[in-house]
Amino acid sequence: MRSVTRPRIVAALAGLLVAIGAVSLSVFVPQQDGGDHGSLAPLPPGPPKMQAVEATIESVSLGELKARSRVVFVGTVVAEGGSEGIGVAGPPESGGELTVHRVRFSVERTLRGEDVRELDVIVPDISELDGFEIGERYLVFSENRAFGDGRVSGQSPTGYYQGSFRAIGDNARNDRTAESLSINELASELRRNPQ
Amino acid sequence: MKQFAVVLFSSTAAVLAAFLSTAPLAFGSHGNGQDGRTNFRTWRMAPSISSAWDPALSNGATIWDNVLNQCHDFQQVTSTNEHTLLYKVDNYDGKFGTFALVWTNHAGMAFDGAETWHANVNANPGGSSLDLWSVAGHEFGHVLSLAHSGHFSLNSSNPTMANVYDYGLTYFRSLESYDRSHEQNLYPPGSC
């Protein structure tokens with residue numbers, strides 16, 4: 001009796017784990033919409049992000065954000081990928097290779113650049129630069145950037161945290177730089193001064 | 001009882017790990033430093049760094065040695081024993097963006113090789129190159145466990161630990177009162 005019951009319990013537990021895994025996957029991987037314009041491939045899962053790094057970064061003023069960013073959009077974070085190696089060796093305790101990760105946005109409004117429904121931005125795995133939260137809405141200034149040997153490239157926030165503003169209604173605020181913007185006024189300004 | 005002991009041990013270890021991850025860097029007493037101080041942190045240059053960078057990197061470390069009443073010191077070594085390893089990566093994120101990184105466990109300090117670095121300590125950099133002395137000084141501050149100061153716009157009176165910097169600037173070469181006071185808060189006189 002005992003030898004019959006135990007496999008059933010094990011099988012039931014295994015089934016439960018598979019079910020939990022499927023639910024988790026459906027939460028973290030955005031549903032694709034049949035290849036419509038703007039639909040992206042699933043984000044690479046990757047290992048957990050390497051953190052615990054501090055950096056010196058370039059100062060980028062609001063004027064420079066507007067002048068330099070090829071893409072400006074408002075969107076909500078829907079997913080975050082795992083770490084991707086950029087082909088550059090890290091220091092002894094970095095885990096071997098320097099890494100970045102992708103943050104996927106559902107794009108609600110494009111103020112500059114091609115109109116897309118979804119967009120990935122690339123963020124270095126540096127703890128202080130990682131300011132995006134799933135489910136939150138942002139105004140993002142971004143530019144094209146290639147990391148390491150060019151294995152990972154694409155849109156990346158201009159000046160990293162300096163180019164990402166938390167958006168509530170028409171207001172966008174960067175709590176770190178204390179800059180605030182009206183999204184509608186910015187849209188008008190960028191229309192008047194296209195790149 | 002055994003389970004209780006395991007839980008107690010795990011909790012203690014977690015609390016200890018959390019404390020250590022936020023505690024300032026502990027300087028070991030490894031003998032006498034170069035200027036007779038008894039506590040020092042060693043660093044060395046990886047082969048990826050040219051010897052021409054040595055003066056600027058040394059100056060970056062030295063600005064922290066001159067703070068009043070401090071009992072620690074940075075010391076450059078060539079051995080592969082305990083040290084913070086300084087090195088240059090070929091290309092981290094291209095020009096602009098990130099200039100240099102430090103791991104908060106202080107094991108590595110990386111300079112982005114995609115930037116044009118100004119290593120001459122006797123002259124100021126041009127507008128498109130980064131002052132190595134300045135950026136190294138900032139990163140050595142991180143090695144001391146100093147965090148960023150919260151200054152997000154450029155100003156010549158900003159502390160060396162300001163969050164952002166730019167090409168052609170040199171004001172990180174010298175400490176401001178913010179840097180000194182935070183270093184002394186972390187390492188008060190008589191604490192080592």
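This is a predicted model: local features need pLDDT of at least 70, side-chain atom pairs count only at pLDDT 80 or more; totals for chains, interfaces and linings use all residues.
Two of them, A:Tyr160 and B:Phe96, have a positive phi without being glycine. The third, A:Thr76, belongs to a strand of chain A and lies 5.3 Å from A:Ser106, C-alpha to C-alpha.

- Most residues other than glycine have a negative phi.
- At A:Tyr160, phi is near 50 degrees.
- This tyrosine is placed in the loop of chain A that runs between β7 (152–157) and β8 (164–168).
- A:Tyr160 counts as buried because 24 C-beta neighbours lie inside 10 Å, and the cut-off for a buried residue is 20 or more.
- At B:Phe96, phi is positive at about 70 degrees.
- In chain B, the loop between β3 (84–89) and β4 (98–103) holds B:Phe96.
- B:Phe96 has 19 C-beta neighbours inside 10 Å and therefore counts as partly exposed; a buried residue would need 20 or more.

- Strand β2 of chain A, residues 71–80, contains A:Thr76.
- A:Thr76 is partly exposed, because 15 other C-beta atoms are found within 10 Å; that count falls between the limits of 12 or fewer for exposed and 20 or more for buried.
- A separation of 30 residues in sequence lies between A:Thr76 and A:Ser106, yet their C-alpha atoms are 5.3 Å apart.
- Leaving aside residues up to four places away in sequence, A:Thr76 touches A:Phe105, A:Ser106 and A:Glu108, as well as A:Gly135, A:Glu136 and A:Arg137.

How values were computed:
Residues are numbered from 1 along each chain as its sequence is written. Chains are lettered from A and ligands numbered from 1 in the order in which they are written. Helices (H or I, at least four residues) and strands (E, at least two) are DSSP runs, numbered from the N terminus. Two residues are in contact if their C-beta atoms, placed from the backbone, lie within 7 Å.
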